[in-house]
Amino acid sequence: MASLGKPGEMRQGSRDAWGHDAKGTVEVKKERMNRLVMNYFVTEGHVDAAREFARESGTATEVDLDTIKDRMLIRRAVQRGEVTKRKK
């Protein structure tokens, strides 16, 4: 089994494994970053921002944006332990 080394110490090749370049930065493709941003908007319930971002970036969502407000109401009910109040 390979040793992980001391905390904070980088193993040889670990930069390459994570996509780091020699400067310690990570290359992220624009499409992947756009999907990440869209995922954030959808997950956090920012419907208007998701719609605008989809329009501007051309990034599609896998979720019907019209259902997000209902999803957020359900999420809040679950977090408060009020599941039966939102069940239809």
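## The largest pocket

Five nonpolar, four polar and two charged residues make up the lining of the largest pocket. In this predicted model, local features need pLDDT of at least 70 and side-chain atom pairs count only at pLDDT 80 or more, while totals for chains, interfaces and linings use all residues. Residues are numbered from 1 along each chain, and side-chain values use heavy atoms, without hydrogens and water.

Among the lining residues are Arg35, Met38, Val42, Thr43, Thr59 and Glu62. A pocket here is an open set of points on a 1 Å grid where a 1.4 Å probe fits, with protein on both sides within 12 Å along at least five of seven lines; lining residues have an atom within 4 Å of a point. The volume of the largest pocket is about 210 Å³, taken as the space filled by probe spheres set on the points.

## Helix 2 against helix 4

Let's turn to the helices, which are DSSP runs of H or I with at least four residues. Helix 2 (residues 30-44) packs on helix 4 (residues 68-80) at an angle of about 60°, and their axes are 8 Å apart. Val42, Thr43 and Glu44 in helix 2 meet Ile68, Met72 and Arg75 in helix 4, where contact means heavy atoms within 4.5 Å.

Definitions and conventions. Axes fitted to C-alpha atoms, helices over the stretch in contact; angles between N-to-C directions. Helix = DSSP H or I, 4+ residues; strand = E, 2+ residues; numbered from the N terminus. Nonpolar A, V, L, I, M, F, W, Y, C, P; charged D, E, K, R; others polar.
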